[in-house]
Amino acid sequence: MLKTRPLKQMRTLSRSITSWLEPIARMFRYYRSNGILEGFHRKMKLVQERT
């Protein structure tokens with residue numbers, strides 16, 4: 001629908017969304033959490049606060 005709009009910005013947005021469609025879908029398909037890294041970071045902060 002955006003591809004048929006007369007505004008150049010809408011056509012540009014349409015091309016951008018179309019080109020990023022697969023990476024966006026992949027991001028939701030394969031969920032990764034950085035919880036382990038955040039937990040490690042928090043523990044390092046606690047150690048630094050004690051010293």
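Buried means under 20% relative accessible area, exposed over 50%, and partly exposed in between (1.4 Å probe, protein chains only). Keep that handy, and remember this is a predicted model, where local features need pLDDT of at least 70 and side-chain atom pairs count only at pLDDT 80 or more. Residues are numbered from 1 along each chain as its sequence is written.

Of its 51 residues, 2% count as buried.

Next, select residues 8-29, helix H1: 22 residues reaching 32 Å from first C-alpha to last. Zoom in on Leu-21, where H1 has a kink of about 50 degrees, shortly before Pro-23 (the angle between axes fitted to the seven residues ending there and the seven starting there).

Now pick Ile-17, also in H1. Is Ile-17 buried, exposed or partly exposed? Its relative accessible area is 43%, so Ile-17 counts as partly exposed.

Note on methods
Side-chain values use heavy atoms; hydrogens and water are left out. Helices (H or I, at least four residues) and strands (E, at least two) are DSSP runs, numbered from the N terminus. The expected span of a helix is 1.5 Å times one less than its number of residues.
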